[in-house]
Amino acid sequence: MTNATVTAGAATLGPGLAIEAVGLTKTYPGGVRALRGLSLQFPLGSIFALLGPNGAGKSTAVKVLTTLSRPDSGGARVAGYDILSEAEAVRRAIGVVSQKPAGDLDATGWENLMLQGHLYGLAGAELKRRAEQLVEVLSLGEVVNRIVKTYSGGTQRKLDIAIGLVNRPRVLFLDEPTTGLDPDARAEMWETISRLAREGLGVLLTTHYLEEADQLSDRLAIVDHGEIVAEGTADELKHELRGDSVSLQLTDEPPPDSVEAALAAIDGLLNDRSYEAGWLRARVDNGPTALPALLAALDGAGVRVSSASVARPSLDDVYLSHTGHAYNALQEN
Amino acid sequence: MSFAVSSAGHVSARYLRAFARQPYYLAVTLVQPVIWLLLFGHVFERVVQLPGFSTASYIGFLAPGIVVMTALFSNGWSGMAYVTDIDRGVLDRFLVAPVRGGSLIGGQLAYAGLLTLLQSLIILGLGWISGASFAGAGPGILACLLATLLLGTAFASYSNALALLLRKQETLIAMVNFLVLPLTFLSVTFMPSALLPGWIRTLSAYNPVDWAVQVSRQCLSGTADWGYVSLHLALLALLAAACAYLSTRAFGAYRRAI
Ligand SMILES: Nc1ncnc2c1ncn2[C@@H]1O[C@H](COP(=O)(O)OP(=O)(O)OP(=O)(O)O)[C@@H](O)[C@H]1O
Ligand SMILES: [Mg+2]
């Protein structure tokens, strides 16, 4: 049982696109333009992450792609079916885990799994076997017989995923599956998700966590204001950025003007740089040669440095270069 | 077709299981009506001596009215479960499954109907214990239950549709109260038609609550005008079907708003 595949059948359908979306737009009543021409595509058997800050349009993209709501323009095929003209077929082919935990609180986990199966036309011994298998795969154990109201956040999320898998979907949507989970629960969730993709499922994942997109996804896209501003594998995105990333911690948090004045004289300093709370981050053509010059220039301007490091660009640098603000700073607002 | 019916059955089963976990909910829904029935029944005991009353006990006169009023309130709250499901994301999960909106609504209405039958029988039983006599016997009781069920279905549909359109408990409560009390007082629930002011009598002819109470009272007391009864049962059935259909359309509006 432990070795049972969660998605039996999906792999045998051969490779194909999990999702192919072109130019999706959506304006909510009230005038919020949540999607402004969002396009993406990725194959079955892989994980695609949509990374973006609050309000970027990630959930709206999920709602449109799962047929919950309709786009104003643009179109998409999910698991090979058109979301507008073949909505019914799309629904049968997908599993959806929405941003909010969506278990029925007044029922047990098991009753939730059974009802979900019934709503997809499953029944009897087949449904029971399927539910038992999912309880096993997501290690829900005995908890599944308790009322969902009594579950911890992590267990509710596991139940959500089990519910999303009952109908053996080929494409799974996970809207922020790990938000609010502790590090152990998050690691366990990552393991489960990668396993699903290895078994042939196409997974569209949205997340706030750079690290999650970096580690878990095969490809990722950065969404900002309803548009994709960068797309590729995490490595491609990092390699697109020229040079190295330098981080310096400045003693006594000197005023930005004096820092800026010191930097003006240096060659090879690229435009992407940020200075916040005593941390100066900048991209330079060649880290090892630029660092001494940087340190000397700052020293000359009377700015003292307490630590310095040089690294290849991170996803945070990618984010900074595409949106003009540091990812983490934005998150805190 | 069979999937539509079986999935509706599973939706009803979900509500029934939740109900079975807190059966005292039934008692809560009955506290008010029982107070109305027994308190009013006794306080205004002598009112039946007025010309215009054809029954010997006011409780007997009141019972069908209280049955209908209870069904109004109880079905009026059925949209609350939708608001909870919307807040919880449960409804969105159902709406991306292949199940039809008609099955979701149908399953909810079937459950609401069962609850209405149970409440109605308990109120009639209490009335009987307190001295009301129902000369219409079995067929009278069946007609009363049918009229109440149809009106309840119409009202539950109204409530469900509002829940999907407004998505807020407070507004839903306001909209339900906005209808229940006026509709009840603009009807023969508490007074026979002969004793109502003329303008209320005129309005009440168009009031579905009045139809349901008239049909129930006539049939329970064994004085049915079958022409009136069959016409108004048919009207109630039409109303229930129209409201149920419109509430399935509200899913479309909901999808556009989210
Ligand atoms: N039902 C709605 N009605 C009106 N505006 C909405 C609605 N849902 C979302 N919005 C707006 O659309 C924009 C995109 O929202 P969306 O939920 O897609 O963002 P998100 O990327 O999922 O954000 P988060 O990370 O906070 O979940 C936001 O400005 C949001 O306020
Ligand atoms: Mg979201």
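Trainee: Is A:K158 buried or exposed?
Mentor: A:K158 counts as buried, because its relative accessibility is 17% and the cut-off for buried is under 20%. Keep in mind that this is a predicted model.

Trainee: Which residue does A:K158 form a salt bridge with?
Mentor: A:E188, with the closest N and O atoms 3.4 Å apart. The pair links distant parts of the chain, 30 residues apart: A:K158 sits in helix α5 of chain A and A:E188 in helix α6 (residues 183–198) of chain A.

Trainee: And how does A:E188 count for accessibility?
Mentor: A:E188 counts as partly exposed, at 36% relative accessibility.

Trainee: Which residue of chain A does B:R21 pair with?
Mentor: B:R21 forms a salt bridge with A:E111, and their closest N and O atoms are 2.8 Å apart.

Trainee: Then what does B:R14 meet?
Mentor: Its side chain meets that of A:D104 in a salt bridge, 2.7 Å from N to O. This pair crosses between chains, with A:D104 in the loop between β6 and α3 of chain A and B:R14 in helix α1 (residues 2–21) of chain B.

Trainee: Are A:D104 and B:R14 buried or exposed?
Mentor: Both A:D104 and B:R14 are buried.

Trainee: How much area is buried between chain A and chain B?
Mentor: About 2,600 Å², and carbon and sulfur atoms give 55% of that. Chain A puts 32 residues into the contact and chain B puts in 25.

Trainee: How many residue pairs are in polar contact there?
Mentor: Between chain A and chain B, 12 residue pairs are in polar contact, counting pairs with both residues at pLDDT 80 or more.

Trainee: Which elements of chain A give two or more residues to that side?
Mentor: They are α2 (87–93), α3 and α5 (153–165) of chain A. Of the side of chain A that touches chain B, α3(A) gives the most, with six residues. By type, the residues on that side are 13 nonpolar, 10 polar and nine charged.

Trainee: Different topic. Which protein atoms are donors to the magnesium ion?
Mentor: For ligand 2, they are OG of A:S59 and OE1 of A:Q99, lying 1.9 to 2.0 Å from the ion. A:S59 is in helix α1 (residues 58–65) of chain A and A:Q99 is in the loop between β6 (94–97) and α3 (109–119) of chain A, so the pair ties together parts that are 40 residues apart in sequence.

Trainee: How does A:Q99 count for accessibility?
Mentor: A:Q99 counts as partly exposed, at 38% relative accessibility.

Trainee: Last one. Why is helix α11 of chain A described as largely enclosed?
Mentor: Because seven of the nine residues in α11 (residues 315–323) of chain A are buried, the helix is largely enclosed by the rest of the structure.

Trainee: Which residues of α11(A) are the buried ones?
Mentor: A:L315, A:D316, A:D317, A:V318, A:Y319, A:L320 and A:T323.

Notes
Residues are numbered from 1 along each chain as its sequence is written. Chains are lettered from A and ligands numbered from 1 in the order in which they are written. This is a predicted model: local features need pLDDT of at least 70, side-chain atom pairs count only at pLDDT 80 or more; totals for chains, interfaces and linings use all residues. Side-chain values use heavy atoms; hydrogens and water are left out. Donors are N, O and S atoms within 2.8 Å of the metal (3.2 Å for Na, K and Ca); water is not among the atoms, so sites may look incomplete. Helices (H or I, at least four residues) and strands (E, at least two) are DSSP runs, numbered from the N terminus. Buried means under 20% relative accessible area, exposed over 50%, partly exposed in between (1.4 Å probe, protein chains only). Contact means heavy atoms within 4.5 Å. Buried area is the accessible area (1.4 Å probe) that two parts lose on being put together, summed over both. A salt bridge is a side-chain nitrogen of Lys or Arg within 4 Å of a carboxyl oxygen of Asp or Glu. A polar contact is a pair of N or O atoms within 3.5 Å; within protein, one must be able to donate a hydrogen and the other to accept it, and residues adjacent in sequence count only if both atoms are side-chain atoms. Ala, Val, Leu, Ile, Met, Phe, Trp, Tyr, Cys and Pro count as nonpolar, Asp, Glu, Lys and Arg as charged, and the others, Gly among them, as polar.
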